[in-house]
Every structure is written in C-alpha cells, then in structure tokens.
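Please work through each solution step by step.

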Amino acid sequence: MRRKDIITSIEVANYEELNETDRHLVDLAREATLRSYAPYSHFRVGAALLLDNGEVVTGSNQENAAYPSGTCAERTTAFYAHSRYPEAKFVTLAIAARDTSGEEISSPISPCGACRQSLLEFETLGGADVKVILAGAKEIYILPSVRSLLPLCFSEIV
C-alpha cells in the first residue's frame with residue numbers, strides 16, 4: 001500500500017490585486033446575484049464566464065418549489081454560454097454570493113459537486129484549463145482550473 005497526497009494550491013487575493021479583466025468578472029458575478037431567484041434558501045449566487053471569443057455570459061441560481069428542479073448559478077451560466085456560443089471555449093469563471101440577509105458573503109464559496117462535474121465537462125471539451133475565481137467580500141480565491149476543484153473527478157481524461 002502507498003499513500004498519494006492530492007494538494008490543491010490556490011491564490012488568495014483581495015479585489016484590488018486582481019487584473020482589470022478579473023475585477024470586471026467579479027463585478028458581473030456580484031451583480032448577477034441580484035437577479036437570483038432564491039425564495040426558499042434566500043442564498044443568492046451569481047456567476048460570470050469569460051469565453052475565448054471575448055463574450056461574457058452571466059447567470060444566477062434559480063430555485064423552484066419542486067426541489068431540486070432549480071439550477072445553480074454556475075450551471076445556469078455554463079449551459080447558456082455553451083448553447084449560445086457552442087464553439088467558444090471557457091476561459092475564466094467568477095462566482096459570488098449573498099447570504100440570507102442579502103449581504104455579500106465575507107469568505108468565498110465554491111461550486112457544489114454537480115456544478116463541479118458539469119464545469120469539468122466544458123473544461124475537458126475546450127481542452128484547456130478554466131480559471132476559477134471565488135469571490136468573497138474580504139478575500140478572493142483564484143484556482144488554476146476546474147479540475148483543481150475536483151481532483152478525483154469522473155472523466156475520460158485522467
């Protein structure tokens with residue numbers, strides 16, 4: 001028997017340390033939280049996705065009384081982006097959230113397992129890493145890829 005350590009390195013930054021493009025994506029993700037439909041959880045999530053064609057697509061979580069028929073912000077954004085621009089590759093995804101009081105969360109949240117797997121599908125399809133920015137009010141996490149969020153993923157590519 002042997003041991004295998006899986007380590008994910010992330011950068012921790014504040015908003016001012018981001019480059020202009022990443023700040024813009026964080027702003028759009030934060031703005032998208034305001035379009036969330038979250039009457040049950042009252043937890044609003046927004047996402048902004050930069051594509052390699054220069055387009056930016058945003059989305060927010062959309063809940064439904066017939067739980068789990070709603071969709072997370074990350075999948076709303078990814079599915080719309082791919083249906084609208086099927087040839088475009090994903091470049092950078094920013095995610096932001098507001099808590100049940102409507103305030104921006106202080107520490108970043110990360111996508112749920114279903115979103116991680118869905119996002120990985122698009123990263124794999126594009127053949128290139130998709131940078132992930134998880135925005136909180138006090139700090140921001142920057143991950144080099146979706147795969148770094150899901151190291152033991154289900155994928156044809158190992």
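A pocket is, on a 1 Å grid over the protein atoms alone, an open set of points with protein on both sides within 12 Å along at least five of seven lines, whereas a cavity is a set of points where a 1.4 Å probe fits but cannot get out; lining residues have an atom within 4 Å of a point. The model is predicted: local features need pLDDT of at least 70, side-chain atom pairs count only at pLDDT 80 or more, and totals for chains, interfaces and linings use all residues. Residues are numbered from 1 along each chain as its sequence is written, and side-chain values use heavy atoms, with hydrogens and water left out.

**Exercise 1.** Describe the lining of the largest pocket.

Step 1. The lining consists of 18 residues. Nearest the pocket's centre lie N61, E63, Y67, T71 and C72.

Step 2. Sorted by class, eight lining residues of this pocket are nonpolar, seven polar and three charged.

**Exercise 2.** Identify the residues that line the largest cavity.

Step 1. The lining is formed by L49, F90, L93, L119, E123, V130 and V146. Two or more of the lining residues come from each of β4 (90-98) and α3 (113-126).

Step 2. Six residues in this cavity lining are nonpolar, none is polar and one is charged.

**Exercise 3.** Determine whether T77 is buried or exposed.

Step 1. T77 belongs to helix α2 (residues 73-84).

Step 2. T77 is buried because its relative accessibility is 0%, where buried means under 20% and exposed over 50% (1.4 Å probe, protein chains only).

Step 3. The T77 side chain reaches the backbone oxygen of A73 at 2.7 Å.

Conventions
Nonpolar A, V, L, I, M, F, W, Y, C, P; charged D, E, K, R; others polar. Helix = DSSP H or I, 4+ residues; strand = E, 2+ residues; numbered from the N terminus. Polar contact = N/O pair within 3.5 Å; in protein donor to acceptor, adjacent residues only side chain to side chain.
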